[in-house]
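I opened the model today to look up charge pairs, rings and surface. My entries follow below the structure.

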Amino acid sequence: MGFNIVLSSPSGAGKTTITKKLSQKYPNIKISISHTTRKPRPNEIDGVDYHFVTREEFEKLIQKNNFYEHAKIFDNYYGTSKNSVNKLHQGNYDVVFDIDWQGTKQLSQFEELNLIKIFILPPDKKELKKRLINRNQDNNKIVEKRLKQYETDIQHWFDYDYVVINNDLESCFRQIEKIIENHKKEKMSFI
Ligand code: 5GP
């Protein structure tokens, strides 16, 4: 099995950009595509950004024990399907999970995944608000909801192996690359 890397952060801290950058730079890194009941944003593609499903479909998948983890976030369900992840493992890929702290807790219980858990923080709440407004994906009400959620999210940094502050995208990305490289070196030295 390759590496399993969790990247979590409060919404708007840059995690999705970093996740995509990792998979673009390293062909061996694949993003775990989650299922969600959230409606697609204008630039999102089904099967690429998420598997967009109805609440009924999602609940059926829960009943069939199809998820490694799932959580309700901002009134929508999000979950990591065992099938998608297992396929990536069979291909010997490193897998990046862009999931929240609730999902990370559940995924950590699968010890065989040997998760590398990284938490990304924005420099401060003011900057986060600016980013959430600038990305212009959500209406004001949702932005306010995400800012409130921020307070709860950041309390969970201690569940992670690393905390990286996204002051500057490039330097945050380099730090995350370094963390992964170091784990690879460590693994090689055991072989
Ligand atoms: P968004 O709606 O902005 O794409 O994502 C909202 C939050 O859901 C983000 O914090 C993201 O990391 C989290 N998320 C996305 N997919 C999953 C998943 O499969 N499981 C869990 N627990 N969280 C997820």
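I counted a charge as sitting over a ring if NZ of Lys or CZ of Arg is within 6 Å of the ring centre and within 35 degrees of the ring normal. By that rule, Lys21 lies over the face of Phe173, 4.8 Å from the ring centre. Lys30 does likewise over Tyr93, at 5.0 Å.

Notes on the source. This is a predicted model, where local features need pLDDT of at least 70 and side-chain atom pairs count only at pLDDT 80 or more, while totals for chains, interfaces and linings use all residues. Residues are numbered from 1 along each chain as its sequence is written, and side-chain values use heavy atoms, with hydrogens and water left out.

**Salt bridges.** I took a salt bridge as a side-chain nitrogen of Lys or Arg within 4 Å of a carboxyl oxygen of Asp or Glu. I found 14 in the whole structure. Lys25 pairs with Glu177, with the closest N and O atoms 2.7 Å apart. Lys25 lies in helix 1 (residues 15-25) and Glu177 in helix 7 (residues 169-190), so this pair ties together parts 152 residues apart in sequence. Helices (H or I, at least four residues) and strands (E, at least two) are DSSP runs, numbered from the N terminus.

I then checked burial: buried means under 20% relative accessible area, exposed over 50%, partly exposed in between (1.4 Å probe, protein chains only). Glu177 is buried, at 9%.

Asp94 bridges to Lys184, the closest N and O atoms being 2.5 Å apart. Asp94 is in strand 7 (residues 94-98) and Lys184 in helix 7, 90 residues apart. Asp94 is buried at 3% relative accessibility, whereas Lys184 is partly exposed at 32%.

I also noted a network of salt bridges linking Arg38, Arg41 and Glu44.

**Helix 5.** Which residues of helix 5 (residues 125-134) are buried? I found Leu128, Arg131 and Leu132.

**Pro42.** I located Pro42 in the loop between strand 3 (35-36) and strand 4 (51-52). Pro42 is exposed, with a relative accessible area of 84%. Pro42 and Leu132 are 90 residues apart in sequence and 16 Å apart in space, C-alpha to C-alpha.
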